[in-house]
Amino acid sequence: MAIDAAQLKHVARLAKVALNEPNIPRLVADMNAILAFAERLQDPALDGVAPMAHPWDQVQPLRVDQVTEPDGRDRLQAGAPAVSNGLFLVPKVIESE
Amino acid sequence: MSVTSPLSELSLAALRAGLSDGRFSSRALTEHFLARIQSHDAALNSFITVTPEQALAAADAADARLAAGERGPLLGIPYAHKDIFCTAGIRTTCASNMLGEWVAPYDATVHQRLMAAGAVLLGKTNMDEFAMGSSNENSAFGAVKNPWDVTAVPGGSSGGSGAAVAARLVPMATGTDTGGSIRQPAAYCGITGIKPTYGRVSRFGMIAYASSLDQGGAMAASAEDCAALLAAMAGHDPRDSTSSTAAVPDYSAALQQPLAGLRVGVPKQWFAEGLDATVAARIEAAIVELEALGMTRVEIDLPDAELALAAYYLIAPAEASSNLSRFDGVRFGYRCAAPRDLNDLYERSRSEGFGAEVQRRILIGTYALSAGYYDAFYGRAQRARRQIAQHFAAALTHCDVIAGPVAPTPAFDLGAHRQDPTTMLLEDIYTIPVNLAGLPAMSVPVGFSGERPVGMQLIGAAFTEDRLLAVAHQYQQRTEFHRQVPAAFREGV
């Protein structure tokens, strides 16, 4: 499997990363080198091996249904680029005109 | 080590004794190491942030506890954090412009534990951006240099911690290891490092790269010092759902456990093509020392190392692409100037905030998880992961500890892999399989190739850190490699 410039642009849109046009050929080449290396994962010997998501096949533990975290909005928003009245500010999404 | 050893070369035990009987105060120690950072770090770039004011306040608090009769393994002893651990009141950058001056609103559990133990934070060390790299060249704060040879890389991603400890700018430091990021810089810098079992050290407040692989650990001159630091870091944390509830043994007390009769497994596939001859010879000599400790050498099989690399280079970016989606220019960190609209804000904040390597991994991970490719990439990689874990499980029925190289070569030159980043993958061929399997592993200094140190890797079954540390410690009782300090950083020379 290999990726081309058009697919890379699609992936970049999904990843919300703006690509610099001059960097695209190099990125395509780098990604294809890694994908070529990953071809060995298609080895049929792996067909019978169950996927492993976690080293101990651990399930998520449940914790006691208890309030442990107090409200920390001011503290948590202190590092945000733009806030007002406890809200995160972003550019206008719906045009007013 | 004699009583006349300079302060910066004392073991934690000697530092502890000096603090205990009042030969020096924590403040004096702290001032001493801060002065070393001040005078020597320009050559290394191992620190991103140095925190003298907070350090001296913490040292004074430790001195008050010592004066009140309290004693503790780390009380009053200076250390540094890899700049991936969140510290309230001190910026956490992850070596990225994306975080830059960001100050976490809370402390990582590891940091809370070390503060409670009375250890004194001197600052935060340089690293590959978001822990993505094996050379510490991918840092928004510049590359770190290897103190043994400043034309060489220190390894990565915990390269700042490795270089700072090797140059004795700090007695001990934290690191994190996703594919080798504690062990490889420890090997390249000639220090001791331990990546514990997945789940042994809380990941709460440790900025995530690949959550099913990331694990925090300890870096110091010796296994004995690593044992004390790891003991303070390890243990269950209800705030990390993958944190183990297994009890933490007394690692320091276990250092003297008998090793006679233990089987040391040597993976025959790891001593084949691709391994530098000098590295192989140093490790061979170290295994002979392990035999002299009464251990029995057995040959084991650990196949499919390249399959492990292939799995890792899809699993880690896939998890990274998910973890790093939180850096959106809205809730914290960097935001681009004058965004045209919300999408432009997201895309430009991320492409301007993240470095090239981080963006490359996000793109690979996004591709591997995208519709139509998930099974072919991520799903296949997870199958390979289980296969690798099964190889280790089988090998560990034939032996008690596995010994082999950490990396195929000693530290390489700065810039060596810049032209072809995919060749750098092979640097991690002996460390990555261990992360996939979740096992504990160490790097132990076993000699030099020219000026550059060589590390031996020790790997054990899950939650056998105590045994790995004992093997490393007893090896270090017979050898002096862990006590070597690069000439330019020796005190009084």
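**Exercises on chains A and B**

Chain A has 3 helices and 2 strands, where helices (H or I, at least four residues) and strands (E, at least two) are DSSP runs numbered from the N terminus. This is a predicted model, in which local features need pLDDT of at least 70, side-chain atom pairs count only at pLDDT 80 or more, and totals for chains, interfaces and linings use all residues. Residues are numbered from 1 along each chain as its sequence is written, while chains are lettered from A and ligands numbered from 1 in the order in which they are written.

**Exercise 1.** State in which order the elements of chain A run, and judge its spread.

Step 1. From the N terminus on, the order is α-α-α-β-β.

Step 2. The radius of gyration (taken over C-alpha atoms) is compared with the globule rule, 2.2 Å times the number of residues to the power 0.38.

Step 3. Chain A has a radius of gyration of 23 Å, well over the 13 Å that the rule gives for 97 residues, so chain A is more spread out than a compact globule.

**Exercise 2.** Describe how helix 9 and helix 11 of chain B pack.

Step 1. Helix 9 (residues 305-323) and helix 11 (residues 356-369) of chain B pack at about 95°, their axes 7 Å apart. Axes are lines fitted to C-alpha atoms, for helices over the stretch in contact, and angles run from 0 to 180 degrees between N-to-C directions.

Step 2. The two helices of chain B are therefore roughly perpendicular, the class for 65 to 115 degrees.

How values were computed
Angles under 35 degrees count as roughly parallel, over 145 as roughly antiparallel, 65 to 115 as roughly perpendicular and the rest as oblique.
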